[in-house]
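Have a look at the model before reading on.

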Amino acid sequence: MDAVPKTSATPTSRSALTSGTLSHSLNGEDSEGLATVSRAVDVGTETGSAPLMDRHGRRHTYLRVSITDRCNLRCRYCMPAEGIEWTPRDQLLSFEEIQRVVAALAEVGVNKVRITGGEPTVRRGVETLIESVAGTPGITEVCMTTNGTTLGKMAGRYRSAGLDVLNISLDSLRADRFEEITRTKKFDQVLRGIDAALEAGFAPIKLNVVAMRGVNEDEVCDFVEFVRDRPINVRFIEFMPFEGNSWSRAKFLPYQEMISDLERRYKLTPLPERPNQVARDFSIEGCEGTISFITSMSENFCAGCNRIRLTAQGDIKACLFMTPGARLRERLRSGADSEEIVEVVRGAILQKWPGHPGAENLLSLKNASMIQIGG
């Protein structure tokens, strides 16, 4: 089990995101965005806590941390059919190393951390990492994305450790289809995990559903009925292209089509927008649960992106679709202090695109599979 020492950091006050423009590329004239960065750094230099700004005026306050590339499912849209070569344990960041990164970035305004994988709960002792991250000064929200298979036994322990928000991935409500998508027979475990999470006090739970034409598009209304009497937010996620997941335009199901189908049966009401939100949220008349659409492909939300990704191997990805912009593992193992960690991350963020390319262009880019990147 990884031991995670307690660390301290100086919290930075939260500020509203200044949305950048998507009309300029990194190679173009983006003087307004650069001026925003320059002003932020000048102010932060005086306090030792310059915010993490990119060249397009976006402030980064949300760190997504993958802790393993291993998983106990084999989802077709996430893992290549031939599988992947698992990263040796000594090449994964230790929990202590992850905590050093979290504490360093909390000093410059990161206040939300999401723990992902692979499947994060297959790594022994994840609750110790949750507790350590939750206790970091400046961190106000700790989240985790999981496939739900271990929650039947562990949901209460994660809640007690300080986990605030739980996302559970479930792409079908039919056992046979679940087995086809995941290549496993763990459907009942996931349902028990959802019930255990609700009993542990996670409400609302966020239920992640990757929507794919020819796979599960006929279950959109079924998911609404599933949350009629449950405090669950169903998040329909547009299918995104990654290495080895056989993405095609024929399998792509845009949110406009899903919402049109739903509006023929239900009365939907848009919910108020939130800063940096990635989803379009709706209440449903007569339902306790809500629905959301994550429109990464049809209408991206890059202008408000505040995310940084840390892979299990210690690479920094400023965008889900970009190659790693910096590598932290060896620096951490060479004794890098908080200042060096922040500067490495800052350098990666300065290379961030104003917006990711379209789906067909993404197919031509060299990227890892989703399971290797982290959700």
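The points below go from the overall fold to the aromatic rings and the charges over them.

1. A word on conventions: this is a predicted model, where local features need pLDDT of at least 70, side-chain atom pairs count only at pLDDT 80 or more, and totals for chains, interfaces and linings use all residues. Residues are numbered from 1 along each chain as its sequence is written, and side-chain values use heavy atoms, without hydrogens and water.

2. The protein has 12 helices and 12 strands, taken as DSSP runs numbered from the N terminus (helices: H or I, at least four residues; strands: E, at least two). Of its 375 residues, 54% are buried, meaning under 20% relative accessible area with a 1.4 Å probe, protein chains only.

3. Five aromatic pairs turn up, counting rings of Phe, Tyr and Trp (its six-membered ring) with centres within 6.5 Å; planes under 30 degrees apart are stacked, over 60 edge-to-face and the rest tilted. Phe223 and Phe236 form an edge-to-face pair, because their ring centres are 6.2 Å apart and their planes stand at 85°. Since Phe223 belongs to helix α7 (residues 220-226) and Phe236 to strand β6 (residues 232-238), this pair ties together parts 13 residues apart in sequence.

4. Phe223 is buried at 1% relative accessibility, and Phe236 is buried at 1% as well. Ring pairs join both to Tyr255, Phe282 and Phe293 in a cluster.

5. Two arginines deserve a look. The charged end of Arg159 sits over the ring of Phe202, 4.9 Å from its centre, and that of Arg230 sits over the ring of Phe226 at 4.2 Å. The rule asks for NZ of Lys or CZ of Arg within 6 Å of the ring centre and within 35 degrees of the ring normal.

How values were computed:
Buried means under 20% relative accessible area, exposed over 50%, partly exposed in between (1.4 Å probe, protein chains only).
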